[in-house]
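Me: I have a structure open and want to learn how to read its features. Can you take me through them one by one?

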Amino acid sequence: MRLKGAIFDFDGVVVDTTPLHYAAWEKLLITAHKIPFDSTIYEEIVNGRKSSEVITELLPHLAPSQQQQALKLKQDYYHELIEQGKLKLFQSSIKLIKELAAKNIKIAVASSSRSVEYILKRSNIISLFNAIVSGQETKHGKPHPESFLNAASKLALNVNECVVFEDAKAGVEAAKNGGFLCVGVDRQQKPKHYVLADLCVTDLCELNYQKLAKLFN
């Protein structure tokens, strides 16, 4: 099979939302609930997963209705940071997306986040994507492959015609659980998170269409 589709995770791959998500979770857990939170907890429990699942794991003592309130509060904190103009795009990712689109590669974004479409519109890059899958459309969070499978379906492509770009350990696992070729984006210099990836880079400036096409040979 040859490369026909590229599926990008959102947070940490297309947009640099990791600092914003971290700050929002930190404010919710430490300030509002006096729960310990650090980078290790973020990487092992939060990064790449659905927020509803994270809330259940980190705040199991709360009633379901209280967990929903906590989830909304976290989203409010997150959106406040976005409205303050603290969101940044990874320009290397945008460049690669445009290069692939010029080669007639279909482009999708697949994320556990519920704010994907909102941020894509705010960042004026929504037109770059042929398909969008958000956390609102999936029942199962990563490492379940549902979001990537949905993205391939929306692109009308087979799994073996697509490559997935992921920066989170759970996301790499999700891609491989779905049978996809996967490029790990190790921006945090944690190579142990990408042992399952077919290729690992520190930034998408290291890739181009030709290098990706070779993965399918």
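Reply: Start with a definition. A salt bridge is a side-chain nitrogen of Lys or Arg within 4 Å of a carboxyl oxygen of Asp or Glu. Side chains of opposite charge can pair when their charged atoms come close. Here E161 forms a salt bridge with K4, and the closest N and O atoms are 3.0 Å apart.

Me: Before we go on, what kind of model is this?
Reply: This is a predicted model: local features need pLDDT of at least 70, side-chain atom pairs count only at pLDDT 80 or more, and totals for chains, interfaces and linings use all residues. Residues are numbered from 1 along each chain as its sequence is written, and side-chain values use heavy atoms, with hydrogens and water left out.

Me: How many salt bridges does a search of the whole structure find?
Reply: The search finds twelve.

Me: Which parts does the pair of E161 and K4 tie together?
Reply: First, how elements are named. Helices (H or I, at least four residues) and strands (E, at least two) are DSSP runs, numbered from the N terminus. E161 lies in the loop between α7 (146-154) and β4 (162-166), and K4 lies in the segment before β1 (5-8), so the pair ties together parts that are 157 residues apart in sequence.

Me: Is E161 buried or exposed?
Reply: Buried means under 20%, exposed over 50%, and partly exposed in between (1.4 Å probe, protein chains only). E161 is buried, at 6%. K4 counts as partly exposed, at 28% relative accessibility.

Me: How do I read the salt bridge of E117 with K121?
Reply: Look at the spacing in sequence. E117 and K121 are four residues apart in helix α6 (residues 116-122), so about one helical turn separates them. Their closest N and O atoms are 3.5 Å apart. E117 is partly exposed, with 41% relative accessibility.

Me: Where do K176 and D198 lie?
Reply: They form a salt bridge, with the closest N and O atoms 2.8 Å apart. K176 lies in helix α8 (residues 169-177) and D198 in the loop between β5 (181-185) and β6 (199-201), so the pair ties together parts that are 22 residues apart in sequence. K176 is partly exposed, with a relative accessible area of 27%. D198 is partly exposed at 37%.

Me: Which residues are linked in a network of salt bridges?
Reply: D9, K142 and E166 are linked in such a network.

Me: Now strands. What does β1 join?
Reply: Count bridges. Two strands pair if DSSP finds at least two bridges between them. β1 runs parallel to strand β2 (residues 106-110), and four bridges join them. β1 also pairs with β4 in the parallel sense, over four bridges. Follow A6: it stands opposite I107 in β2, and its bridge partner in β4 is V163.

Me: Which way do the residues of β1 point?
Reply: G5 and I7 point one way, A6 and F8 the other way. All are buried.

Me: How many cavities of 30 Å³ or more does the structure hold?
Reply: Picture a 1 Å grid over the protein atoms alone: a cavity is a set of points where a 1.4 Å probe fits but cannot get out, and lining residues have an atom within 4 Å of a point. Grid points are joined across faces, edges and corners, and a volume is the space filled by probe spheres set on the points. The structure holds two such cavities. Of the 19 residues that line the largest cavity, D11, H21, G48, R49 and S113 are the closest to its centre. The elements giving two or more residues to that lining are α1 (18-32), α2 (39-46), α3 (51-58) and α4 (64-83).

Me: What is the lining of the largest cavity made of?
Reply: Sort by residue type. Ala, Val, Leu, Ile, Met, Phe, Trp, Tyr, Cys and Pro count as nonpolar, Asp, Glu, Lys and Arg as charged, and the others, Gly among them, as polar. The lining of the largest cavity has four nonpolar, eight polar and seven charged residues.

Me: And which residues line the second largest cavity?
Reply: T18, E43, N47, D167, A168, Q188, K190, H193 and Y194 line it. About 60 Å³ of space lies in this second largest cavity.

Conventions. On a 1 Å grid over the protein atoms alone, a cavity is a set of points where a 1.4 Å probe fits but cannot get out, and a pocket is an open set with protein on both sides within 12 Å along at least five of seven lines; lining residues have an atom within 4 Å of a point.
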